Amino acid sequence: KLPDSPPPFVAVAIRRVPTEGPPPGLHTGIVYRDAEGSARLLHLRFHADVANELPSNRYIWLVPDVPDVRLRSVAALCRLVANNYSTTGLPYALRYDGTQTFDTASGRWLTGVNGRGFTCSTFVLALFQSCGIALLDLPTWCDRTSDVEWQNYIVQVLQSQSTDASHLAGVASEIGCLRFRPDEVAGACLAEDYPVPFITAISAGIAVQEALGQHCTAIGYSQ
């Protein structure tokens with residue numbers, strides 16, 4: 001779906017972003033219907049920065065093959081999380097094992113097993129997981145050298161922003177953990193069966209990047 005399509009109950013949104021780190025620069029979040037039925041974009045921009053805003057035309061949307069009744073529950077959770085964290089934000093961290101979730105009644109973050117925070121991708125995964133929807137088959141994931149390069153870059157950026165020393169040390173200790181990339185999370189929406197295994201997600205991610213490239217060309221966005 002493109003940004004001028006009618007808003008779904010929930011979709012995963014992805015766009016290209018400029019980056020000084022390892023390419024490609026990608027960012028993801030969730031488009032959902034607010035209480036008035038309008039489309040909003042909920043995403044973790046970076047450390048302590050949760051945004052709940054109108055989606056720009058630089059995003060494409062991918063709707064998971066999940067019954068509407070379950071997508072409505074994700075949309076309801078997004079409204080709660082947006083209300084709780086749009087001002088205070090949530091911490092940025094690398095490690096995600098599926099145990100970090102949000103309470104569906106209150107929208108409060110449940111840290112799970114040693115949870116320190118999220119990336120933009122794992123924030124999306126956690127919102128779905130909280131409603132019983134596992135987009136990715138986490139145990140099938142594999143280490144990648146390029147992911148370590150990206151993780152080192154993230155720690156450098158956090159350090160440059162004078163992030164709290166104890167949080168910075170905790171995130172640095174997570175370097176080498178499994179990474180769930182934005183295109184793979186968005187690509188999971190192309191599947192018919194969930195959770196999506198690693199190999200399938202890689203192929204789906206390539207398809208998402210191709211579609212995103214076509215969209216950027218169509219709107220004249222060069223990043």
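A residue is taken as buried when its relative accessible area is under 20%. By this criterion Phe180 of the predicted model, with a relative accessible area of 4%, is buried. A relative accessible area of 6% likewise places Tyr96 among the buried residues.

The ring centres of Tyr96 and Phe180 lie 6.3 Å apart and the ring planes meet at 85°, so the arrangement is edge-to-face. Because Tyr96 is located in the loop between helix H1 (68-85) and strand S6 (101-102), and Phe180 in the loop between helix H4 (165-172) and helix H5 (182-187), the pair ties together parts that are 84 residues apart in sequence. A stacked geometry is found for Phe102 and Phe118, since their ring centres are 5.6 Å apart and their planes are at 20°. This pair also links distant parts of the chain, 16 residues apart: Phe102 lies in strand S6, and Phe118 in the loop between strand S7 (109-110) and helix H2 (120-130). Phe102 is buried at 2% relative accessibility, and Phe118 is buried at 0%. Both residues are part of a cluster in which ring pairs link Tyr85, Phe102, Trp109, Phe118 and Phe123.

Arginine side chains are also placed over aromatic rings. The charged end of Arg15 is positioned over the ring of Tyr59, 5.8 Å from the ring centre, while Arg33 lies over the face of Phe9 at 4.3 Å from the ring centre. Arg179, in the loop between H4 and H5, is buried with a relative accessible area of 14%. Beyond its neighbours within four places in sequence, Arg179 contacts Trp141, Arg144, Asp147, Trp150, Gln151 and Glu184.

In soluble globular proteins, nonpolar side chains tend to be buried together. The largest nonpolar core of the model comprises 62 residues, of which Ile30, Leu42, Phe102, Phe123, Leu127, Phe128 and Leu136 touch the most other members. H1 supplies the largest share of this core, with 8 residues. When neighbours within four places in sequence are set aside, Phe128 is in contact with Val10, Val12, Ile30, Pro64, Leu71, Val74, Ile133 and Leu135. A second, separate core contains 7 residues, including Ala11, Ala13, Ala39 and Trp61.

The largest pocket has a volume of about 770 Å³. Its lining consists of 39 residues, and those closest to the pocket centre are Val17, Gly25, Leu26, His27 and Trp150. Two or more lining residues are given by each of strand S2 (26-33), strand S3 (39-46), H2, helix H3 (145-160) and H5. The most is given by H3, with 6 residues.

Particular backbone geometries are found in several loops. The peptide bond from Pro23 to Pro24 is cis, with omega near -5°; Pro24 is placed in the loop between strand S1 (10-16) and S2. A cis peptide bond also joins Tyr194 to Pro195, with omega near 0°, and Pro195 is situated in the loop between H5 and helix H6 (198-219). Asn114, although not a glycine, has a positive phi of about 55°. This residue lies in the loop between S7 and H2 and is exposed, with a relative accessible area of 59%. Ser162, in the loop between H3 and H4, has a positive phi near 55° and counts as exposed at 65% relative accessibility.

Conventions. Residues numbered from 1 in each chain as written. Predicted model: local features only at pLDDT ≥ 70, side-chain atom pairs only at ≥ 80, totals over all residues. Heavy atoms only, no water. Phe/Tyr/Trp six-rings, centres within 6.5 Å; stacked < 30°, edge-to-face > 60°. Helix = DSSP H or I, 4+ residues; strand = E, 2+ residues; numbered from the N terminus. Buried < 20%, exposed > 50% of the residue type's maximum accessible area, 1.4 Å probe, protein only. Lys NZ or Arg CZ within 6 Å of the ring centre and 35° of its normal. Contact = heavy atoms within 4.5 Å. Core = buried A, V, L, I, M, F, W, Y, C linked by side-chain atoms within 4.5 Å. 1 Å grid on protein atoms, 1.4 Å probe; cavity = no way out; pocket = protein on both sides within 12 Å on 5 of 7 lines; lining within 4 Å. Points joined across faces, edges and corners; volume = space filled by probe spheres on them.
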